[in-house]
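Q: Please take one close look at the pairing of charged side chains in this model. Which residues take part, and where do they sit?

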Amino acid sequence: MVYVFLADGFEIIEALAPVDVMKRAGIEVKTVGVGSKVITSSCEVSVVCDSEIADFDFYNVEAIVLPGGMPGTLNLENNETVQKAIDNAVNINVPVCAICAAPSILGHKGLLNGKNAVCFPGFEEALEGAEIADEFVVCDGNFITAKGAGVCIDFGLEIVKKIKGEETALAIKNQIQCR
């Protein structure tokens, strides 16, 4: 199962576009509401999550996804269960995926030290020890980072590629008519 954590103030397309892309690839995905089952995005659209954070299953994790947005990123970073979920994903060697401002959460934890990574412009200092790449989406080991909302489909496709392989990612890319 891929878990996408949503906290109030998240960037809606950074969360839901990758969910759509992953579901098209046949990946099981659950949105997890941090603080409630109904989470309000940065553009004030409310989303009903599949589950609440209290029900997060640490034992059935294929990957975790952290969308950006403000104050969504801060709300994710300040949640103890989200922090434990990140640690768990690293310990069991599954992908940790973050877009926009959310890679800063990984940087603050020291997880990007020596890794190639990207984030929304202005958050680079928070990617402590990372090599800032000149790309929009970067996969380095089990860390997938992306710059922002404009590349959320590419971010989703990179997650699909990591979990299901390049052939599946290409098939989804062609299916949705992505350049």
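A: Start with exposure: buried means under 20% relative accessible area, exposed over 50%, and partly exposed in between (1.4 Å probe, protein chains only). Gly141 shows how the scale is read: its relative accessibility is 36%, so Gly141 counts as partly exposed. The model is predicted, so local features need pLDDT of at least 70, side-chain atom pairs need 80 or more, and totals for chains, interfaces and linings use all residues. Residues are numbered from 1 along each chain as its sequence is written, and side-chain values use heavy atoms, without hydrogens or water.

Now the pairs. Side chains of opposite charge can pair when their charged atoms come close. Such a salt bridge is a side-chain nitrogen of Lys or Arg within 4 Å of a carboxyl oxygen of Asp or Glu. This structure holds three of them.

Take Asp20 and Arg24. Their closest N and O atoms are 2.5 Å apart. Why can these two meet? Both belong to helix H1, residues 12-24. Helices (H or I, at least four residues) and strands (E, at least two) are DSSP runs, numbered from the N terminus. Asp20 and Arg24 are four residues apart, so about one helical turn separates them. Asp20 is partly exposed, with a relative accessible area of 36%. Arg24 is partly exposed too, at 42%.

Turn to helix H3, residues 80-91. Here Glu80 forms a salt bridge with Lys84, at 3.0 Å from N to O. The spacing is four residues, so Glu80 and Lys84 are about one helical turn apart. Glu80 has 54% relative accessibility and counts as exposed. Lys84, at 44%, is partly exposed.

Another pair involves Lys109 and Asp87. Their salt bridge has an N to O distance of 2.8 Å. Asp87 sits in helix H3, but Lys109 lies in the loop between helix H4 (103-108) and strand S8 (116-117). The pair therefore ties together parts that are 22 residues apart in sequence. Lys109 is partly exposed at 28% relative accessible area. Asp87 is partly exposed as well, at 33%.

Now for a charged residue without a partner. Glu14 is found in helix H1. Glu14 is buried, yet has no salt bridge. Lys and Arg count as positive, Asp and Glu as negative; His and chain ends are not counted. What does Glu14 touch instead? Leaving out residues up to four places away in sequence, Glu14 touches Pro67, Gly68, Gly69, Ile99, Cys100, Gly148, Ala149, Cys152 and Phe155. Contact here means heavy atoms within 4.5 Å.

Helix H1 also holds Leu16. Leu16 is partly exposed, with a relative accessible area of 31%.

Finally, back to Gly141. Its place is the loop between strand S10 (137-140) and strand S11 (143-146). Gly141 and Asp154 are 13 residues apart in sequence, and their C-alpha atoms are 17 Å apart in space.
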